[in-house]
Amino acid sequence: MRTLIKNGRVVDPAQKLDAVLDILIEDGRIKKVAPAIDAAADTVYDATGLVVCPGLVDIHTHLREPGLEAKEDIISGTMAAAAGGVTTVACMPNTKPVIDTSIIVSGIKERAAKEAYAHVEVIGAISKGEKGEELSEMVDMAQKGAMAFSDDGHYVKSTRLFLLAARYIAPFGKALICHDIDPELDAEGYMHEGAVSARIGVPGVPAIAEDICVARDCIISEYTGAHVHIAHVASKGAVDIIRQAKKKGINVTCEVAVQHLTLTDEACATYDSAARVNPPLRSFDHVEALREAVLDGTVDAIVTDHAPHAPEEKDMEFRYAPNGFCGLETSLGVMLTDLYHTGIFDLATIIDKMSCSPAKLFGLDAGTLREGAAADLTVIDLDKEWTVDPEKFYTRGKATPYAGKVCRGKAVATVLSGRFVMRDGVVCTNK
Amino acid sequence: MAKSDISLGGRDILDLSSLSNEEIALILQTAAEMKKIMKRDIKKVPSLRGKSVINLFYEPSTRTRTSFELAGKYLGADVVNITTSSSSVVKGECLRDTILTVQSMNCDAIVMRHPIEGAAAYAAKVAKPVVINAGDGAHAHPSQGLLDLYTIKEAGKNVGPGLKMAILGDILYSRVARTNIVAWTRLGAEVHVAGPMTLIPHDIEALGVKVHSRIEDAIEGADVIDVLRIQLERQKKGLFPTTREYARVWGLNEKRLALAKKDVLVLHPGPMNRGLEISWEVGYCDNAYIRDQVQNGVAVRMALLFLTLTGGKHFENLD
């Protein structure tokens, strides 16, 4: 089967490419990228005036399967991905049961390969049951294709266990993804500690709760050589520590979530439980430091931390609501609106951090439009105006602090292994 | 009293920052009328006859709940109390459903006390009846703030430029502190807070207050001292070492009170821990307006129910 994408502005930061070109896809791979390709194709898509880039790669999502299907499952989660222009998602292991054995890794991968609307990479747990007590069978999971390991949602509180994990996994080249927030400090509050928390009375957690843990994990990375990837960095102190670690040549990388680049703790001022997330939305000085860290290369990836919850769980008093909200259907639009159209990031930076760089970091068959690469593409209309309407989401989690936001820029088509999985915002279900 | 151009009819009373200075003045003026009713032999008027008020209390409360109940009854409303131990809350009903259930019974006002900040705002978003916040977590307690303003005014002081206000104790967890800080700084007074730094929120200066570790610095020359209740569980959580040390270092006693202006008002939202945040002597001294606060609390709550449920249209019914 052949598909020809005509006349698009092809932006592929992996090969520093930005030009109007045609893309020929054959049997799920990129056959040719060149001007004015003259070839017969089963499908021809006119991308005149649109951007065509490598399919977005989101290395931090919660698909909630197995066990938490009231929040999300592989189908609804990957439909949301397709709708948002995301072709690869990595799912976190805080499911029921926890993804801590190879049989669960294989099960998710098999179901996804058959039925999902995006490629699904699986992140296994560092410790059995994410309990932070004993190492899980990480090597077995790695051999069944686990992308990396994380106890996401929990800090690996035992320094001994985290050191063991780092030593154990280092020779296998798999990353440990760290949810770095001191649990004792975290238990005292529900939002960022600062002027807003002081004003509205919600107990706050100081940003240093993050910095302290990031410092430990950088030190352990240096000592063991293990690849430590810091998840959802949200504080200026933490990015400073990571920047210094990288300068020293430590094998540390990090990601930042869209919300921490675009929202502040003022979003909590009306006690909207949709704005409850961990790490919390912080003050603007942190937001600025994170943006700077994206620009200077300290940040390797931009993620959603897509964390859907059922409405009966999330629609309640701020303190009682669980952390997290959905992001797959808003991430690109929000990034383009708040950071591209405002001139803060250029397009190549956004595409690099949302596709090429994370794909490369975890050795995924994604993140570039080189000839021979997987034919995962996102087609973007940079100027399309639209309003975030959670009722129209594919994800089961309808809560988002971006509800009602007017955005400029949106994915208008998503191609997965050479096949359109989304066109004009509608996921193609006739498979 | 003269009819006002401002109307609070149908308004939710969630915090003092959403009330203008003029609206606050109207409430205090109305409360003065209410206080006259309270002093009558037959203290009942028909202004709210046919109106129903539900006190929905998710936290134990004696004075606030009782004073809202009496306020409604003095004005002729039917008042029903719901407390968490006797409602579907213990069966796991979510706040949205509880509010909608109460609303379905056609009540006119919901007076809500809740341990979580923002719960009243949430209820107001869900509910059609007037919502009066009777305290939401560490956020706001508007009727307390109003009765404090009323008490200060009645004692002949006007909160504004030139007045030094001191708030002592547990600022971190106190909705009374946040409410008064908002009102007093906006009216132009100089607001000082003092207590152990473990009970003072980081960045509280952003609210325009001066922070002291030594309470003497806050008390010196003060016109009003608002002593906050120290919850004993704060000590159990390790926020200060012992109640003994608290009383010795941060308790308001006669010696420290002498640093304030001679006509200083000592306020306390109650209930007091005698010998901890306030000494026995100070609690009963001439400068203590603590029992006036309780009485004025009923008048202010009558004013709030009257103004929100009638729009202030039927002042004649007060006679």
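User: Where is the place of Leu50(A)?
Analyst: This is a predicted model, in which local features need pLDDT of at least 70, side-chain atom pairs count only at pLDDT 80 or more, and totals for chains, interfaces and linings use all residues. Residues are numbered from 1 along each chain as its sequence is written, while chains are lettered from A and ligands numbered from 1 in the order written. Helices (H or I, at least four residues) and strands (E, at least two) are DSSP runs, numbered from the N terminus. On that numbering, Leu50(A) sits in the loop between strand 4 (43-46) and strand 5 (51-54) of chain A.

User: Is Leu50(A) buried or exposed?
Analyst: The test counts other C-beta atoms, placed from the backbone, within 10 Å of the residue's own: 20 or more is buried, 12 or fewer is exposed, and in between is partly exposed. Leu50(A) has 20 C-beta neighbours inside 10 Å, so it counts as buried.

User: Which residues is Leu50(A) in contact with, leaving aside its neighbours within four places in sequence?
Analyst: A contact needs C-beta atoms, placed from the backbone, within 7 Å. With those sequence neighbours set aside, the partners of Leu50(A) are Gly8(A), Arg9(A), Val379(A), Ile380(A), Asp381(A) and Val412(A).

User: What distance separates the C-alpha atoms of Leu50(A) and Glu134(A)?
Analyst: Leu50(A) and Glu134(A) are 84 residues apart along the chain. Their C-alpha atoms are separated by 50 Å.

User: How many residues does each domain of chain A give to the contact between them?
Analyst: The bounds come from an automatic or database domain assignment. That assignment gives domain 1 (2-52 + 374-427) and domain 2 (55-361) in chain A. Over C-alpha atoms, the centres of these two domains are 25 Å apart. The contact takes 33 residues from domain 1 of chain A and, from domain 2 of chain A, 43 residues.

User: How many residues does each domain of chain B give to the contact?
Analyst: Chain B is assigned domain 1 (21-140 + 297-318) and domain 2 (156-288). Their centres, over C-alpha atoms, lie 28 Å apart. Domain 1 of chain B gives 8 residues to the contact, and domain 2 of chain B gives 7 residues.

User: Which helix gives the largest share of the side of chain B that touches chain A?
Analyst: The contact takes 20 residues from chain B and 19 residues from chain A. Helix 3 (95-104), helix 4 (119-126) and helix 6 (175-186) of chain B each supply at least two residues of the chain B side. The largest share, 3 residues, belongs to helix 4 of chain B.

User: Where does helix 12 of chain B bend?
Analyst: Helix 12 (residues 290-310) of chain B has 21 residues and reaches 30 Å from its first C-alpha to its last. That is close to the expected 30 Å, a span given by 1.5 Å times one less than the number of residues. The bend is the angle between axes fitted to the seven residues ending at a residue and the seven starting there. Helix 12 of chain B bends by about 25° at Asn296(B).

User: How many residues of helix 12 of chain B are buried?
Analyst: Helix 12 of chain B is largely enclosed by the rest of the structure. The reason is its count of buried residues: of 21, the number is 16.

User: What is the radius of gyration of chain A?
Analyst: The radius is taken over C-alpha atoms, and the globule rule is 2.2 Å times the number of residues to the power 0.38. For 431 residues, a compact globule would come near 22 Å. Chain A agrees with that, at 20 Å.

User: What share of the residues in chain A is buried?
Analyst: Chain A has 13 helices and 19 strands. Of its 431 residues, the buried share is 59%.

Definitions and conventions. Contact = placed C-beta atoms within 7 Å.
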